[in-house]
Amino acid sequence: MNNSLLSLGIDTSNYKTSVAVTASNGDIIFNYQSFLEVKTGERGLRQSEALFQHVQKLPEAVKEAFGTEGVLGNIGSVAVSTRPRPIEGSYMPVFTAGAGTAKAIAAALGVPLYEFSHQEGHIEAVKHYSSMSKRDRLICFHFSGGTTEALLCDDNRGTMEIVGGSLDIAYGQVLDRVGVAMGYHFPCGEEIDSLSLNAAEDDIDSKLLKRIKVRDGFVNLSGIETQCQRILAAGSCSREALSASLMDALSRSVADMTLYLADKYNIHDFLYAGGVSCSAFLRNYLERNLPSGINTAFGSPELSSDNAVGISLLGGKKYGLKARYGFTTK
């Protein structure tokens, strides 16, 4: 195995420690993902707590990666997420844990180190293995615990422009806050998705929650969270009914944003990434309700939630360009 074949990727997000190794052909050689521990009843972690847990988890994750057959001695590059988004001023302390570890490994192995954003990793992990891997221009929705953005991605121009999303809290925050209020352990998206799928069709009440309005491609979500909290406090409906109605309202708003942006930018290719995009309810809703002219692509659940596979792939691509042409793109 030639040492140019493998790329090591590291991602230390708000709630998961991730390490991955991929080959130049896209094969996933190693994929470690471990949620950080959040106390019952809490709706998240302070940055200092998350950073500490990453520092504790990373050595074992790297040890497992290097213990995988054919990895040690065949790493050609190291890649790491160092910030949430690919814009100036984007910063979160949790990413310093991965950045420090990646720098040490790259220096020890004598291989190049490449830095990307967490968001770029999310998109690449889904796009690379999708039917849209060769599309130069598309819109990607990034739905995670703290992010809801629609990004117009143009590979020819090398740009990612925010053209839609949430103006306040994210879809993931709505699900987590409502789920914690129901008594579930953070993060709660999977539990609410499961409840909504198990609910009877009659449990979906389109009048229970107000429709989320889309204005110029953007939505506000704090209002629907407040409605859910009031319903829970009043005990006026079951968890299944509330979950199903909430997922129906959120999914409808995603469909409305998709249709608006398709018309505004004359784009018909849409990619959905991030943990919330794992929702089976959301996927089923879009499949049933979007017109046939809209092309949609989702990733597998393990690659839609936080992971280091996308970061690893991006690093491998940059290293491949350097090896072939002697330069890399920005």
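## Notebook: a first look around

**Ser245.** I began with Ser245 and found that, leaving aside its neighbours within four places in sequence, it is in contact with Asp203, Ile204, Asp205, Leu208 and Leu209. By contact I mean heavy atoms within 4.5 Å. Ser245 belongs to helix 7. I then asked: is Ser245 buried or exposed? Ser245 is buried, with a relative accessible area of 3%. For my own reference, buried means under 20% relative accessible area, exposed means over 50%, and partly exposed is in between, with a 1.4 Å probe and protein chains only.

**Ground rules.** I am working with a predicted model, in which local features need pLDDT of at least 70 and side-chain atom pairs count only at pLDDT 80 or more, while totals for chains, interfaces and linings use all residues. Residues are numbered from 1 along each chain as its sequence is written, and side-chain values use heavy atoms, with hydrogens and water left out. My helices (H or I, at least four residues) and strands (E, at least two) are DSSP runs, numbered from the N terminus.

**Helix 4 against helix 7.** Staying with helix 7, I looked at how helix 4 packs on it: the angle is about 175° and the axes are 12 Å apart. The axes are lines fitted to C-alpha atoms, for helices over the stretch in contact, and the angles run from 0 to 180 degrees between N-to-C directions. That angle makes helix 4 roughly antiparallel to helix 7. My cut-offs for the wording are under 35 degrees for roughly parallel, over 145 for roughly antiparallel, 65 to 115 for roughly perpendicular, and oblique for the rest.

Which residues make the contact? Helix 4 brings Tyr171, Val174, Leu175 and Val178, and helix 7 brings Leu246, Met247, Leu250, Ser253, Val254 and Met257. I sorted the residues of this contact into nine nonpolar, one polar and no charged. Here Ala, Val, Leu, Ile, Met, Phe, Trp, Tyr, Cys and Pro count as nonpolar, Asp, Glu, Lys and Arg as charged, and the others, Gly among them, as polar.

**Helix 6.** Next I looked up helix 6, residues 222-234. Helix 6 has 13 residues and spans 19 Å from its first C-alpha to its last, close to the 18 Å expected at 1.5 Å a residue. The expected span is 1.5 Å times one less than the number of residues. Which residues of helix 6 are buried? I noted Ile224, Glu225, Gln227, Cys228 and Ile231. They cover an arc of only 160° around the axis, which puts them on the same side of helix 6. The arc is that of the directions from the helix axis to the C-beta atoms. On the other side of helix 6, I found Arg230, Ala233 and Ala234 exposed. Helix 4 (171-181) and helix 7 (239-265) are among what covers the buried residues of helix 6. Just after helix 6, Gly235 has a positive phi of about 60°.

**Helix 2.** Phe95, Ala97, Gly98, Ala99, Ala102, Ile105 and Ala106 are its buried residues. Their cover includes strand 1 (6-12), helix 1 (47-67), strand 4 (75-83), strand 5 (113-117) and helix 3 (118-127). Just after helix 2, Gly110 takes a positive phi of about 70°.

**Gly299.** My next stop, Gly299, sits in the loop between strand 11 (295-298) and helix 9 (301-304). Gly299 is buried, at 8% relative accessible area. Not counting residues up to four places away in sequence, Gly299 touches Val126, Tyr272, Arg283 and Ser304.

**Backbone notes.** A reminder to myself: most residues other than glycine have a negative phi, and most peptide bonds are trans. With that in mind, I noted Asp216, where phi is near 55°, a positive value in a residue other than glycine. Asp216 lies in the loop between helix 5 and strand 9 (218-219), and is partly exposed at 42% relative accessibility. Asn266 also has a positive phi, near 55°. Asn266 is in the loop between helix 7 and strand 10 (269-273), and is exposed at 59%. Last, I looked at the peptide bond from Phe186 to Pro187, which is cis, with omega near -5°. Pro187 is in the loop between helix 4 and helix 5 (189-198).
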